[in-house]
Amino acid sequence: MEIAVRDLLFERSGRRVLDIPELSFAAGTVTALFGPNGAGKTTLLRLLAGLETPLSGEVRLGQARSARERALVSAVAFQEPAFLRGTVRQNLTLGLTLRRVAAEEHAARVQDAASETGITDLLDRPARALSAGEARRVNLARALALAAPVMLLDEPLAGVDRPTRRALLQEIPRLLRSRPVTALIVTHDREEAFRLADRIAVMVDGRVIRHGSADDVYRAPGTALVADLLGYTILEVAGRRVAVPPGGLRLGEGTGPVLPYDVTQVVLVGDHRHAVGRIGTAAVECRLGETDPVPEPGTRVQVGVERSVEVDG
Amino acid sequence: MSDFGEALRSAWHLLAADAEIRGIILRTLAISGAATACAMLLGIPAGYALARGRFRGRTLLLGLVNTGMGMPPVVVGLIVWLVLARGGVFGPLHLLYTPQAMVIAQFLIAMPLVIGFTTASVQALPGALPDLLRSLGAGRLQRLWLLCREARLGLLAAVMAAFGAIISEVGAAMTVGGNLRGSTRVLTTAIVTVTGRGEIPQALALGIILLLLALAVNLVLTLVQQRR
């Protein structure tokens with residue numbers, strides 16, 4: 001189901017929160033709404049789900065236009081999983097009852113969603129007594145059980161421990177791609193955005209400033225702002241503004257331009273070291289290879305720009 | 001102690017043999033029950049709106065509700081008397097000294113209690129629940145019902161507090177009901193009457209009946225409240 005937004009304006013307490021002239025997500029795509037906190041990602045998600053009313057503009061999920069219609073064709077996994085009193089099974093069944101899914105389908109739907117998300121053994125536990133990781137999975141299962149054509153996930157990995165996060169990073173893309181859904185995933189984490197989605201929509205200050213396939217967005221961020229959010233280091237090289245991806249700088253002279261690098265610190269990051277310092281006014285971290293000499297903090301060394309893309313702004 | 005024993009025997013005798021007392025008991029239950037039901041019908045949605053709504057004057061309204069929770073019943077009775085008296089706004093309805101007038105007064109006493117308890121119990125629910133229910137497909141009335149079910153501990157506490165307050169009040173019942181025998185006499189006003197006549201064991205017996213009545217109703221509500 002295609003998702004489309006046109007001339008969308010949304011304000012909260014007189015402050016413009018969203019301003020999106022046109023945006024669409026093709027049916028069957030999985031897109032990460034990526035950007036810093038306060039960019040309007042969750043607000044856009046809530047508008048799509050029919051939980052907010054725009055100041056003006058059109059929001060459409062397939063043919064569903066009204067808030068109520070949009071709510072009924074979408075399934076939301078909220079950032080903070082909330083449950084009603086009762087068991088996990090009762091919580092998963094509630095949505096099916098409210099959407100008038102035939103009663104004889106309930107058990108199978110709940111069982112399928114539970115086994116896909118690995119929560120079968122939790123079904124008869126009180127929903128409000130789950131750990132954070134379990135609650136995340138149940139939250140996801142509840143959305144999957146609805147079998148809605150649009151899935152909206154708000155920070156699905158927020159607040160979970162590392163093992164759960166690692167597992168969910170693998171499971172969520174598999175679950176979304178195994179069914180005919182158009183999915184939007186809100187995240188402020190770059191790694192999550194690229195691991196969970198095929199497409200990225202970068203949001204800043206209520207606007208979508210870059211939207212495309214994950215590969216295209218990463219290879220050609222377009223502006224310094226997007227590049228910065230994607231983890232690039234922004235530098236001035238020969239009067240041009242360039243964005244250097246992580247690992248694109250190398251101590252000593254390389255194949256590209258060479259720049260002076262003031263080292264302030266060398267830190268051990270697991271199995272390798274990073275030099276921390278500045279190139280001009282830009283804060284720069286440079287990964288040191290195994291054979292690279294370790295520079296002395298307080299010294300100026302040369303770094304070669306091995307990979308970079310030109311950016312505006 | 002002998003007075004109390006005599007009162008217990010008297011209470012049993014009154015319940016078993018006195019048709020007038022049985023009438024008073026039924027009238028008491030009917031008036032206080034009707035007032036509580038009306039207060040629930042209007043007070044629960046109003047409390048929900050106060051808990052969930054964000055509108056100008058909300059804090060002032062909450063302050064008024066909280067003040068109303070401690071309003072002396074006799075003052076409420078006086079206000080209702082003024083409104084229903086011959087020269088009052090609703091004087092032409094001739095409701096003064098009728099059970100209906102007593103229901104109105106008791107409803108006004110119960111209403112702030114129901115609103116106040118409902119507001120507090122709905123506010124204590126996880127803030128994300130209304131949006132969750134909406135996203136699951138619940139309509140407005142379904143959301144109200146499901147949230148009230150979630151807040152049932154508080155809501156039934158509201159019903160118990162309201163019923164307990166009005167079944168045991170005497171000021172408003174006396175002021176607007178007039179304690180007319182066979183018409184508006186309820187347990188509390190009957191206690192005042194027999195105490196005035198110096199029939200202390202009988203007054204104690206009526207008091208015991210009133211307490212047992214309140215206990216029975218609250219036990220039923222508590223069973224519903226604590227049901228898993």
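**Architecture of chains A and B**

Of the 228 residues in chain B, 41% are buried, a residue being classed as buried if 20 or more other C-beta atoms, placed from the backbone, lie within 10 Å of its own. The model is predicted: local features need pLDDT of at least 70 and side-chain atom pairs count only at pLDDT 80 or more, whereas totals for chains, interfaces and linings use all residues. Residues are numbered from 1 along each chain as its sequence is written, and chains are lettered from A in the order in which they are written.

Chain B contains 11 helices and zero strands, where helices (H or I, at least four residues) and strands (E, at least two) are DSSP runs numbered from the N terminus. Its C-alpha atoms fill a box of roughly 65 × 50 × 25 Å along the principal axes. Contacts are defined by C-beta atoms, placed from the backbone, that lie within 7 Å; among those in chain B between residues at least 6 apart in sequence, 77% join residues at least 24 apart.

Helix α5(B) comprises residues 99-123 and reaches 35 Å from its first C-alpha to its last, close to the 36 Å expected, the expected span being 1.5 Å times one less than the number of residues. A kink of about 30 degrees is found at A110(B), shortly before the proline P112(B); the bend is the angle between axes fitted to the seven residues ending at a position and the seven starting there. Because 21 of its 25 residues are buried, α5(B) is largely enclosed by the rest of the structure.

Helix α2(B), residues 19-52, packs with α5(B) at an angle of about 35 degrees, the axes lying 6 Å apart. Here axes are lines fitted to C-alpha atoms over the stretch in contact, and angles run from 0 to 180 degrees between N-to-C directions. The residues of this contact divide into 21 nonpolar, eight polar and two charged, with Ala, Val, Leu, Ile, Met, Phe, Trp, Tyr, Cys and Pro counted as nonpolar, Asp, Glu, Lys and Arg as charged, and the others, Gly among them, as polar.

Chain A has nine helices and 17 strands, and buried residues make up 42% of its 313 residues. Its C-alpha trace spans about 70 × 45 × 35 Å along the principal axes.

Between the chains, 13 residues of chain B are in contact with 14 residues of chain A. On the chain B side, α6(B) gives the most, with six residues. This side divides into seven nonpolar, three polar and three charged residues.

Key. Buried ≥ 20, exposed ≤ 12 C-beta atoms within 10 Å, placed from the backbone. Contact = placed C-beta atoms within 7 Å.
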